[in-house]
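I kept them in the order in which I looked things up.

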Amino acid sequence: MNFLRSSLLPLAAATVLLAVSAPAFAKDVKVTITNFAFAPVETTIAVGDTVTFVNGDDTIHSVVADDGSFHSDGLDTDDKFTQAFAKAGTVAYHCGLHPFMKGTIIVK
Amino acid sequence: MSDDNDELHGKLNRRHALECMIWAGTGIMWTLSGGVPKALNLLDEAQAAEAVTTSNFTFLQISDSHIGFDKEAKVTARDTLGEAIDKVKALSMKPSFMIHTGDITHLSKADQFDDAQKMIGSVGVDVHYVPGEHDMVDADQGKAYLDRFGKETWGQGWYSFDQNGVHFIGLNNVVNLKAGGLGNLGAEQLAWLEKDLAGRSASTPIVVFAHIPLWTIYADWGWGTDDSAQAMALLKRFGSVTVLNGHIHQIVQKVEGNMTFHTARSTAFPQPAPGTAPAPGPMIVPAEQLRSMLGITSVNYVVGDKDLALTDSTLA
């Protein structure tokens, strides 16, 4: 009994700590769309972070992964789209309406 | 650019133009008014009026109505589409049908499609639609458009039909656009086009319409179609091919052999000429200027030795 209590308690405490701290460390990084360009054009984030794209143009844009893994709807002026990145790697994306607009998310 | 085209931008006179465009005894001629190269302005007003009254049929091109766009001063895209439709209704000769070369809506929303269809439908003639990229940005990337307009079409909404011996082909070059690329027809649509054209006589006049220009106007802004050359190769043997596009909200045209290419104005907002601005965004212009930069295109087709006439008019 004594043995159980002494060994399980720190484990339980560590589990609680993890569950609380992981979301607190996840960041949301902003990418703006201005004058038909993503800024910054390359964004580095950590696994679990999210990226929020904000359209600052007078016309609509969208955000589409080159590999088809995600896409936004059409984003009107000031509309936002948030995407989480759960795996490490490089994700290239473009605007589905104006595919000459390109960007990259590096997930570390 | 071909020699023909360079010539048209140069010192071409009317007689020479007709020689260029004459095919198997049929002269192809069109008129344009408002900010277009003089060399192509072959008909004066009276002749144009005559062409209208004697033609076998007239159809009307409307483009880029962008219902939902509201950034211009004082008027919305709904207002200016309404004005364009009033112009159509006031025409002395009612068009046999209309084509809409895409960007019907701004954001592919149901109420935007509803309003556009209601306004355009009020003319009381058939309307043949092709999608623009703004019509396929719903959550399902095209379902909203195809549920409405895809019923008697192939693939992602392409189709053809015949009117008075003219073969019309509506294409979709706005789906699955690749990073860094231009408009895209795709292998499936090109295979369908080949089948659709097979066995047709080379003397059949062809009208092709699609949203993004089917020739490269300005690649930096995506104003072209990656695989359009394959489509043009299939169309090359025909004696009369007219290609009608939208997307760039201004008139640009060229003639290459038997092919005439033309883009229409928008009814919603103008866009800058290629390379004249940092980006191809909407031009927000003073309200009193706006209507002179918006418009519609009417096409008159006459069988025999008469003319195929394209007439652009503004909302001013």
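The entries below go from the two chains to single elements and residues, and end with the contact between the chains.

**Conventions.** I am working with a predicted model, in which local features need pLDDT of at least 70 and side-chain atom pairs count only at pLDDT 80 or more, while totals for chains, interfaces and linings use all residues. I number residues from 1 along each chain as its sequence is written, with chains lettered from A and ligands numbered from 1 in the order in which they are written.

**Chain A, overview.** I counted 1 helix and 8 strands in chain A, taking helices (H or I, at least four residues) and strands (E, at least two) as DSSP runs numbered from the N terminus. Read from the N terminus, the order of elements is α-β-β-β-β-β-β-β-β. Chain A has 108 residues, of which 30% count as buried; for this I call a residue buried if 20 or more other C-beta atoms lie within 10 Å of its own, exposed if 12 or fewer, and partly exposed in between, with C-beta atoms placed from the backbone. I then looked at contacts, where two residues are in contact if their C-beta atoms, placed from the backbone, lie within 7 Å. Among the contacts in chain A between residues at least 6 apart in sequence, 45% join residues at least 24 apart.

I found A:Val29 in strand β1 (residues 28-34) of chain A, and it counts as partly exposed because it has 15 C-beta neighbours inside 10 Å. Which residues does A:Val29 contact, leaving aside its neighbours within four places in sequence? They are A:Thr43, A:Ile45, A:Asp49 and A:Val51. A:Pro40 is 11 residues from A:Val29 in sequence, and the two are 10 Å apart in space, C-alpha to C-alpha. I noted that A:Pro40 lies in the loop between β2 (37-39) and β3 (42-45) of chain A, and that the peptide bond joining A:Ala39 and A:Pro40 is cis, with omega about -5°.

**Chain B, overview.** Chain B has 9 helices and 11 strands, and 47% of its 316 residues are buried. Of the contacts in chain B between residues at least 6 apart in sequence, 70% join residues at least 24 apart.

**Strand β5 of chain B.** I looked at β5(B) (residues 166-170) for its burial, and because 4 of its 5 residues are buried, it is largely enclosed by the rest of the structure. For pairing I require that DSSP finds at least two bridges between two strands. Strand β4 (residues 159-163) of chain B pairs with β5(B) in the antiparallel sense over 5 bridges, and B:Gly170 in β5(B) is the bridge partner of B:Tyr159. The two strands form a hairpin with 2 residues between them, and B:Asn164 in the turn has a positive phi of about 45°. With strand β6 (residues 206-209) of chain B, β5(B) pairs in the parallel sense over 4 bridges, and there B:Val208 in β6(B) is the bridge partner of B:Ile169. Between β5(B) and β6(B) the chain passes through helix α7 (residues 187-197) of chain B, in a β-α-β crossover that is right-handed (with the strands pointing away from the viewer, the path from the first strand over the helix to the second runs clockwise).

**Helix α4 of chain B.** Helix α4(B) (residues 77-89) has 13 residues and reaches 18 Å from its first C-alpha to its last, close to the 18 Å expected at 1.5 Å a residue, where the expected span is 1.5 Å times one less than the number of residues. Its buried residues include B:Ala77, B:Thr80, B:Leu81, B:Ala84 and B:Ile85. Seen down the axis of α4(B), the buried residues fall within an arc of 145°, so they line one face of the helix; the arc is that of the directions from the helix axis to the C-beta atoms. An α-helix has 3.6 residues a turn, so residues three or four places apart point the same way. What covers the buried residues of α4(B) includes β1 (57-62), α5 (110-121) and β10 (295-301) of chain B.

**Positive phi in loops of chain B.** B:Gln141 is not a glycine, yet has a positive phi of about 50°; I placed B:Gln141 in the loop between β3 (126-129) and α6 (143-149) of chain B. B:Gln141 counts as buried, with 20 C-beta neighbours inside 10 Å. B:His249, also not a glycine, has a positive phi of about 55° and lies in the loop between β7 (241-245) and β8 (253-256) of chain B. Is B:His249 buried or exposed? B:His249 is buried, with 25 other C-beta atoms within 10 Å.

**Contact between the chains.** I found 20 residues from chain A and 24 residues from chain B in the contact. On the side of chain A that touches chain B, the residues divide into 6 nonpolar, 8 polar and 6 charged, where Ala, Val, Leu, Ile, Met, Phe, Trp, Tyr, Cys and Pro count as nonpolar, Asp, Glu, Lys and Arg as charged, and the others, Gly among them, as polar.
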